[in-house]
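Visitor: I am new to this structure. Please take me through it step by step.

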Amino acid sequence: MDIAEVYRNDIWGNFVYLGDDQDLELLIGDVLVRLPDQPLLKAIDSCVFGSVGRSNQGLTLPANVLNGGEAESWLILLDDAMLASKQTEDIQSVIAHEIAHAYLGHDRVADAGDVSIELDACRQVREWGFQGSGADDLRHSSE
Ligand SMILES: [Zn+2]
């Protein structure tokens, strides 16, 4: 059994979520098990999930903005409020979008204002089979 399969079989014990919203935590796990092996390994080995209650639906930060250390980890912050305002598939596309930024190595701080990274993330999300605002070029070209 390869490591990706081990992770999928015990997804709840293998990813880090910093927050109090069990519904969002369940959705994160549901997204992770849907990912192909490489992005799954990336998400579990080098991503920490949290949640934020503000107008941003999600935010992916290189972890070195916190501690100046390794740049190969990303902090993904998600907006709990979207649970009340969006459909499940749409929410999953937003989560997948943030994972895509980490998977593609984007640095929101260094790349701020670069629309091309948003379009790259949307394209990746569509390739992974998600539909919704996280995959919507138009929604992300005006951010
Ligand atoms: Zn984005």
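Guide: One term is needed at the outset: a helix here is a DSSP run of H or I with at least four residues, and helices are numbered from the N terminus. Please also keep in mind that the model is predicted.

Visitor: How far apart are the end C-alpha atoms of helix 6?

Guide: They lie 22 Å apart.

Visitor: How many of the residues of helix 6 are buried?

Guide: The count is 13 of the 16, and helix 6 is therefore largely enclosed by the rest of the structure.

Visitor: At what angle do helix 3 and helix 6 cross?

Guide: Helix 3, residues 37-46, crosses helix 6 at roughly 85°, and their axes come within 10 Å. An angle from 65 to 115 degrees counts as roughly perpendicular, and helix 3 is therefore roughly perpendicular to helix 6.

Visitor: Which residues meet there?

Guide: From helix 3 come Pro39, Lys42, Ala43 and Ser46, and they meet Ile99, Ala102 and Tyr103 of helix 6. Sorted by class, this contact holds five nonpolar residues, one polar and one charged.

Visitor: Let us step back. How many helices and strands does the protein chain have?

Guide: The protein chain has eight helices and four strands. In sequence order the pattern reads α-β-α-α-β-β-α-β-α-α-α-α. Of its 143 residues, 34% are buried. As for contacts between residues at least 6 apart in sequence, 63% of them join residues at least 24 apart.

Visitor: In what order do the strands lie in the sheet?

Guide: The four strands form an open sheet in the order 1-2-4-3, with mixed pairing. Strand 1 and strand 3 stand at the edges with a single partner strand each, so one side of each has no neighbour in the sheet. From one strand to the next, the twist averages 20°.

Visitor: In which sense do strand 1 and strand 2 pair, parallel or antiparallel?

Guide: Strand 1, residues 16-18, pairs with strand 2 in the parallel sense, over three bridges. Leu18 stands opposite Gly50 in strand 2.

Visitor: How many bridges join strand 2 to strand 4?

Guide: Six bridges join them, and these two strands also run parallel. Strand 4 spans residues 74-79. Within this pairing, Phe49 stands opposite Ile76, Gly50 has Leu77 as its bridge partner, and Val52 has Asp79.

Visitor: Which side chains of strand 2 point to the buried face?

Guide: Those of Cys47, Phe49 and Ser51 point to one face, and these residues are buried.

Visitor: How many residues of strand 3 and of strand 4 are buried?

Guide: In strand 3, four of the five residues are buried, so the rest of the structure largely encloses that strand. Strand 4 is mostly covered, with five of its six residues buried.

Visitor: A change of topic: where is Val115?

Guide: Val115 belongs to helix 7, residues 115-127.

Visitor: Why does Val115 count as partly exposed?

Guide: Val115 has 13 C-beta neighbours inside 10 Å. A residue is buried at 20 or more and exposed at 12 or fewer, so a count in between means partly exposed.

Visitor: How far is Val115 from Ser141?

Guide: Val115 and Ser141 are 26 residues apart in sequence, and their C-alpha atoms are 5.7 Å apart in space.

Terms used
Residues numbered from 1 in each chain as written. Predicted model: local features only at pLDDT ≥ 70, side-chain atom pairs only at ≥ 80, totals over all residues. Pairing = 2+ DSSP bridges. Contact = placed C-beta atoms within 7 Å. Axes fitted to C-alpha atoms, helices over the stretch in contact; angles between N-to-C directions. Expected span 1.5 Å × (residues − 1). Parallel < 35°, antiparallel > 145°, perpendicular 65-115°, else oblique. Nonpolar A, V, L, I, M, F, W, Y, C, P; charged D, E, K, R; others polar.
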